[in-house]
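Let's take a friendly walk through this model, from its overall layout down to single residues. Keep the structure open beside you as you read.

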Amino acid sequence: MRTMQETDVLKSPEEFYDAYIFDMDGTIYLGEGLLPGAARMINELRRREIPVRYLSNNPTKDPEMYVKKLQKLGLPTPIEDISNTVVTTTNWLLQHYPDAVLFPISEEPLKRALRNAGFVLSEDPEEIDIVIASYDRTFEYKKLQIAFDAIWYYKRAFMIQTNPDRFCPFPGGRGEPDCACIVAAIEACTRVKSQANLGKPDPIMLETIMQSLPSARVEHSIMVGDRLQTDMQMAIDANMVSGLVLTGEATIPDVLKRTEEQRPSFVMDRVDRLIPQWAWDELGWTVDNDA
Ligand SMILES: [Mg+2]
């Protein structure tokens with residue numbers, strides 16, 4: 001049973017927004033299963049032709065991989081709707097440094113996306129403009145040396161990073177070292193700090209995505225996720241509407257620990273509460289008839 005104070009925290013939207021940006025794990029699906037109401041909620045947004053984007057901090061996956069996963073779960077998704085850090089990093093570089101020579105310390109998906117966007121990739125520290133640190137399971141000393149030479153010896157390159165995560169958690173409690181340790185290695189030898197982070201919780205991620213949605217007003221678009229420190233903080237910092245779902249990490253007591261200004265705009269027990277109650281009534285939805 002939830003207490004009075006706890007149920008008071010629950011609040012869902014009464015209108016539709018210009019665009020919906022979703023975290024995936026804990027928000028749309030959990031492991032290999034869709035969360036209750038996720039499919040009918042997405043289908044309703046599609047029927048209304050409202051733009052949808054899915055976010056992920058993981059730069060080791062091609063957007064195609066998320067399309068396949070969502071398809072398998074019963075959510076057909078156009079590739080343009082996926083915005084992982086491969087996409088946000090590529091788009092940010094196109095916006096700000098379209099002519100830069102890049103040295104991505106990364107796996108193939110990011111390199112492929114950068115090449116397809118027309119960037120020149122190089123391992124020659126004399127010509128590298130930007131070193132991109134990322135979640136790279138093929139990291140080795142040679143890559144560190146190239147980054148060191150480009151940044152410290154030739155003093156021409158600066159560093160950005162795809163995401164800030166220390167490790168990528170796996171089911172069962174294990175994990176893999178993520179982007180933060182590559183950044184730390186380069187910072188340790190060069191004493192030069194990373195200048196941009198293209199993943200959650202940096203609002204640059206949302207700003208980059210909103211630039212691909214020119215008809216959506218930022219302050220009338222909503223970021224939906226299950227984590228307060230990343231998904232919700234990023235939305236608050238980007239001046240977007242924020243919707244927390246309680247189907248993943250965060251709980252009502254976690255929300256209550258935050259000051260009023262730092263709380264999400266909405267807190268929902270299930271993700272289809274994003275559809276306003278009046279639309280539930282029109283559609284004949286109940287919590288028990290979620291098809
Ligand atoms: Mg999540």
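The chain is divided into domain 1 (15–57 + 201–283) and domain 2 (86–190), with bounds that come from an automatic or database domain assignment. Residues are numbered from 1 along each chain as its sequence is written. Please keep in mind that this is a predicted model: local features need pLDDT of at least 70, side-chain atom pairs count only at pLDDT 80 or more, and totals for chains, interfaces and linings use all residues.

Taken over C-alpha atoms, the centres of domain 1 and domain 2 are 29 Å apart. Where they meet, 8 residues of domain 1 are in contact with 7 residues of domain 2; contact here requires C-beta atoms, placed from the backbone, within 7 Å. The side of domain 1 that touches domain 2 has 3 nonpolar, 5 polar and no charged residues. In this scheme Ala, Val, Leu, Ile, Met, Phe, Trp, Tyr, Cys and Pro count as nonpolar, Asp, Glu, Lys and Arg as charged, and the others, Gly among them, as polar.

Now for the sheet. Four strands form an open sheet in the order β7-β6-β8-β9, with parallel pairing. β7 and β9 stand at the edges with a single partner strand each, so one side of each has no neighbour in the sheet. Strands pair if DSSP finds at least two bridges between them, and β6 and β7 are joined in the parallel sense over 2 bridges. L102 has L121 in β7 as its bridge partner. Helix α6 packs on the sheet, touching β6, β8 and β9, and its direction makes about 145° with that of β6. Such angles run from 0 to 180 degrees between N-to-C directions, with axes fitted to C-alpha atoms, for helices over the stretch in contact.

Helices (H or I, at least four residues) and strands (E, at least two) are DSSP runs, numbered from the N terminus:

| Element | Residues |
|---|---|
| Strand β6 | residues 101–105 |
| Strand β7 | residues 120–121 |
| Strand β8 | residues 130–133 |
| Strand β9 | residues 158–161 |
| Helix α6 | residues 141–153 |

The largest nonpolar core has 70 residues, and I21, V131, A133, L206, V224 and V271 touch the most other members. A core joins buried Ala, Val, Leu, Ile, Met, Phe, Trp, Tyr and Cys residues through C-beta atoms within 7 Å; buried means 20 or more other C-beta atoms within 10 Å, exposed 12 or fewer, and partly exposed in between. Helix α9 (residues 228–237) gives the largest share of this core, 5 residues. Leaving aside neighbours within four places in sequence, the contacts of V131 include F103, I105, A147 and M159.

Definitions and conventions:
Contact = placed C-beta atoms within 7 Å.
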